[in-house]
Amino acid sequence: MKKTTIANNRKAFHEYLILETYEAGIQLIGSEVKSIRERKISLKESFIRITRKEAWLKGCHIASYSHTGFEGHDPLRKRKLLLNRYEINRIEAKLAEKGLTAVPTKLYFKNGKIKVEIGLAKGKKLHDKRDTKKRRDVERDIKRALSYKP
């Protein structure tokens, strides 16, 4: 089971505290798949909505494929996520709780198929963001000090 990461949503990890993750397939057009293989995708402003018992990825920007003719795809169209009914019901119930949202955290290849990692997230406050940055800086300094050899 080989996983190759295509894109990470670093903004999601900065803005939210990820509580749970799910893996979902994604319904794409051929030119979108080819564009993703060229790594021309951004998850920065994307989010997930559940409407009529279907999960949709919105706001994800997949640039037009370089060798497409006049008939390409809409870069910001909504894309259906492929989850089973149990997972959709579970995510929908969690989203009904106050303060939770669903965001894509990662896009990757798994056995030749493109998968999306969905994170159920709770928004961070400003002081939480500062704590995370401070912790990351301290860990970096410790790692640098341990690797120092005179």
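A: Happy to. In this predicted model, the nonpolar patch on the surface is formed by Val138, Ile142 and Leu146, and together they have about 310 Å² of accessible area. Val138 sits in helix α4, which covers residues 126-147. A turn of an α-helix takes 3.6 residues, so residues three or four places apart point the same way.

For a contrast, turn to helix α2, residues 30-37. Here Ser31, Glu32, Ser35 and Ile36 are buried. These four cover an arc of only 140° around the axis, so they lie on the same side of α2. And what lies over them? The cover for the buried residues of α2 includes several strands: β1 (3-8), β3 (41-42), β6 (61-62), β7 (79-82), β8 (100-110) and β9 (113-123). Just past the end of α2 there is a backbone detail to look at: Arg39 takes a positive phi of about 65°.

Ile48 and Ile50 make up its covered face, while Phe47, Arg49 and Thr51 are on the uncovered one. The partner of β4 is strand β5 (residues 54-58), and the two pair in the antiparallel sense over 5 bridges. Within that pairing, Ile48 from the covered face stands opposite Leu57 in β5. The two strands form a hairpin with 2 residues between them. In that turn, Arg52 has a positive phi of about 55°.

Now step back to the whole chain. The protein chain has 4 helices and 9 strands, and from the N terminus on the order is β-α-β-α-β-β-β-β-β-α-β-β-α. So where does the helix with our patch fall? The run ends with an α, and α4 is the helix that carries Val138.

A few overall values complete the view. The C-alpha trace spans about 60 × 40 × 30 Å along its principal axes. Of the 150 residues, 32% count as buried. Among contacts with a separation of 6 or more, 69% come from residues 24 or more positions apart. The accessible surface of the chain comes to about 10000 Å², and carbon and sulfur atoms account for 52% of it.

Key. Residues are numbered from 1 along each chain as its sequence is written. This is a predicted model: local features need pLDDT of at least 70, side-chain atom pairs count only at pLDDT 80 or more; totals for chains, interfaces and linings use all residues. Side-chain values use heavy atoms; hydrogens and water are left out. Patches are made of residues with over 30% relative accessible area and no salt bridge: like charges are joined within 9 Å, nonpolar side chains (Val, Leu, Ile, Met, Phe, Trp, Tyr) within 5 Å. Accessible areas come from the Shrake-Rupley method with a 1.4 Å probe; for residues, only the protein chains shown count as cover. A salt bridge is a side-chain nitrogen of Lys or Arg within 4 Å of a carboxyl oxygen of Asp or Glu. Buried means under 20% relative accessible area, exposed over 50%, partly exposed in between (1.4 Å probe, protein chains only). The arc is that of the directions from the helix axis to the C-beta atoms. Contact means heavy atoms within 4.5 Å. Two strands pair if DSSP finds at least two bridges between them.
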